[in-house]
Amino acid sequence: MAELPLLLFPLPEVADRTKRKMVPGKVHRPSVGRQGERLSPVFQQLQESFNARCVELQQTPSGIDPEQVLVIETVGNIENFANAVKKIPGLEWMGEIETDEIAPDEDFYDDKKPEKELSGRLYLIMSNQTALTQMLSLWTKYQADTSMTFQRGLTKFRDVFRHLKDIRRWGVEDRLAEREVFEIWKEDLEHDAQRNVRFEAELWYRGNDENRRESESIVAGLIKDLDGIVISQCVISSIAYHSVLGEIPAQAAQQILEQPEVDLIKCENIMFIRPTGQMATGKEPIEGDVSDCTVASDEMPTGDPIVAVLDGLPLENHRLLSERLIVDDPDNWASEYPAIDRQHGTAMTSLIIHGDLNNGSAPLSRPVYVRPIMRPNLTDFNRPREECVPEDALLVDYIHRAVKRIMEGDGDDEAIAPTVRVINLSIGDRSRHFSQVMSPLARLLDWLSAKYNILFVISSGNHPEPIDTGMSGRDFEDLGSNEREALIAKKIYEDARHRRLLSPAESINGLTVGAFHHDNSQNGSIGSVVDVFESPLPSPVSAFGSGYRKSIKPDLLFSGGRVLYSLPLESGNSLLQFSNRIVAPGNQVAAPSDQAGELNKSKFCCGSSNSAALASRTASICFDYLSSIFAEQAPDVDFSVFGVPILKAILVHGCSWKELGKKLDKLLRTDDNGRQIKNWILRWLGYGVPDIEKTLGCNEQRATILGFGQLNDGEAHVYNLPLPPSLSAQREWRKFTVTLAWLSPVASTTQRYREAQLWFDFEDGKKSREKLKGKLRVTSVDSDSDATRRGTVQHEVFEGKSAVAISDGDTLKIKVNCRKDARKIEHPIAYGLAVSLEVAESVDLPIYNEVRNRIAPAVEIRT
């Protein structure tokens, strides 16, 4: 820790939020006549297709009144279209999807950049025959008379008709958008041709109980028709989630693989069909042996847990973990979880409690709560076995019940660990790469985060796939380190679309952690493997963002250990293979031994799972430190309300790209890609690597001040930062950093999704960057300003060294604004704000004392 404590802002001024003007790009769209020429045949085909499907369904034994989901694709956004949909009986709003990959054509294109892809919406609407007929009638009338007066509440349909790109039914291809389900079925049946196959059928979430029950009954009947069974079902209304866990015989699964057009796959009540059990630790063969380890401190933890871990079952009597864990195993998985299989949970809890054992850090002062959500894969005959989420429960349901048990209790039982404020999730769904649509699990975590005021720390996901260098192994070995790094970085970026975030890393409220290719281990015998990045860079296996609506994801990087790759022995193009070694380099962690009774072993490992665990450890330390700051400086403040948003801000506050950004820029930049470089770097680095020790304290040359509060729609808080007079006329490097964080409720069926948007600007909010530059002579570095406002953490860094005139009493106004985003804000939104001003430590300027002396009197009044 630095030698001087963090400071607190005085009470902010209350103001109205800054009105932001959005200037959309101008898109050429076709005339009304051209729209009729294009779309009338489409509407006719849709009507015929709908009729044919109705006849088909009415001939089934159930003879149900058919409903189908329509996909309405528009170029641009039609605000509040959902309200118009509700005005037509028989139409039901299912949701909307944002897309920015609409190919331009002769009808729709950007006036300034005709080749640019366009953004738009996919509106999803459940319709019966009568409602479709009425909607087509509106279209026909509009075509006949474009000046017609629409019935009250239906005017938005005119806007849709003007911007309409296409309209179609939600079909088989949509339900199987995640084609991994068939690939996984094939893999399972090749392993065991008689094995029953399990799957998740996510149903369209209907607005009332009766429709949901009918929908579930139809799907259950179709599963039964295939001689299958429904194992479980789950409805969580707060995230618009309704799913069925089904199982069908191998023969039925094989028939579907050969001919997908069966009633189950065509069922209009099903939105997606997904594989189960894909949250797993991986099956890469392990290379190397475990080694002995020592404990840096024998001091035992006290108090209640701040951090909870949802993972595999750890080896709780390991010397490094004994008496440091609170293991909650209500399903008694331990009885079928041999010690040798307890790999991942042991590693993650070791990192959270002790950090990387290479560093010799002191253990956490608090115990860690653990709830197993993975267990050994019974079909894996390796030793140790793969650990995975079991297939006999829906993952969303299981994690929902696990978190509810922690925070409020299960059944008649009280909350088992209500002091928890951070939940570590160091696993991801390898079958679900993020692509525009929020996964049910991410929606669940966002909702739980806002509901219980907790922070989920989530790994971004690992991609240990081979890297195709495009050259022979000998030629690759002959490259210099800079040439290797440039080649590998470019190859990884070329493959970025296959290396995206793994669900639930797109969570907007969670802190998503990517892996930094770094550790402090001493290299063991590297042999035939190679370290492709000798410079500090993101890990080659760490997943790429962006997040939802192009928000910054991952949020930050933590050490994930150095990754090694093996070179092929044969000639030809060199495919670098990920090496799953348990010897150095890497993060050193506690590990089970294959010898009974050995409880002091360790191994080395790498990846974003480690990074998330180390971030959770840091969160626990920061939370206790922040608690002590508030106890000393603001004892009357209810820290339980603001603690998590402030913690989230502090974890990001020390982030910067530093040398990583410069190195990536150098490796990737060409004469043609200068405008894209910053976005490319953002997708891999997020906000960068944090300097937590620096963040948690101050020195004479650096002052960090915390703010906090609650805001409703249209409100703002204005903080006055005293500017140190000693900085006046100084041509010295200075850095100004501002971080704002909050937890937003979510609206799962709307494209905006985030209920509340908060953001900061400077002075009165108008041309705020120019005014900041005038006050401090600093300009923005690292991340893109617009991108920082799309999630629930806004973090910006400004630097400069030109002389500026500052008089005693001068201040800089920092304004925190709030407005509704997806829907009306029901309750005030708590936020945390961190602001730092610093000069180089070698410069003898009393920045801290001058800021503190000008803030302290106001803080005393606040107290």
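Is Arg 823 buried, partly exposed or exposed? Arg 823 is partly exposed, with a relative accessible area of 40%. Here buried means under 20% relative accessible area, exposed means over 50%, and partly exposed lies in between (1.4 Å probe, protein chains only).

This is a predicted model: local features need pLDDT of at least 70, side-chain atom pairs count only at pLDDT 80 or more, and totals for chains, interfaces and linings use all residues. Residues are numbered from 1 along each chain as its sequence is written, and side-chain values use heavy atoms, with hydrogens and water left out.

**Salt bridges**

- A salt bridge is a side-chain nitrogen of Lys or Arg within 4 Å of a carboxyl oxygen of Asp or Glu. The count by this rule is 45.
- Arg 823 pairs with Glu 755, and their closest N and O atoms are 3.0 Å apart. The two sit in distant parts of the chain, 68 residues apart. Arg 823 is in the loop between strands E39 (811–820) and E40 (829–839). Glu 755 is in the loop between strands E35 (734–742) and E36 (756–762). Glu 755 is buried, at 2% relative accessibility.
- Helices (H or I, at least four residues) and strands (E, at least two) are DSSP runs, numbered from the N terminus.
- Arg 206 and Glu 92 form a salt bridge at 2.7 Å, N to O. Arg 206 lies in the loop between E9 and helix H7 (209–225), and Glu 92 in strand E5 (residues 91–102), so the pair ties together parts 114 residues apart in sequence. Arg 206 is buried at 3% relative accessible area. Glu 92 is buried too, at 18%.
- Arg 121 forms a salt bridge with Glu 98, with 3.7 Å between the closest N and O atoms. Arg 121 is in strand E7 (residues 118–128) and Glu 98 in strand E5, so this pair ties together parts 23 residues apart in sequence. Arg 121 is buried, at 7% relative accessibility. Glu 98 is partly exposed, at 23%.
- Arg 121 and Glu 98 also belong to a salt-bridge network.

**Helix H12**

- H12 covers residues 440–452. The expected span of a helix is 1.5 Å times one less than its number of residues. For the 13 residues of H12 that gives 18 Å, and the end C-alpha atoms are 18 Å apart, which agrees.
- The helix is mostly covered, with 11 of its 13 residues buried. Among them are Arg 443, Asp 446, Trp 447 and Tyr 452.

**Strands E9 and E12**

- Strand E12 (residues 270–275) is mostly covered: 6 of its 6 residues are buried.
- Two strands pair if DSSP finds at least two bridges between them. E12 pairs with strand E9 (residues 197–203) in the antiparallel sense, over 5 bridges.
- Ala 201 has Ile 273 of E12 as its bridge partner.

**Second largest pocket**

- The second largest pocket is lined by 22 residues. Nearest its centre lie Asn 359, Phe 558, Arg 617, Thr 618 and Ile 692.
- A pocket is an open set of points on a 1 Å grid over the protein atoms alone, where a 1.4 Å probe fits, with protein on both sides within 12 Å along at least five of seven lines; lining residues have an atom within 4 Å of a point.
- Helix H15 gives the most to this lining, with 4 residues.
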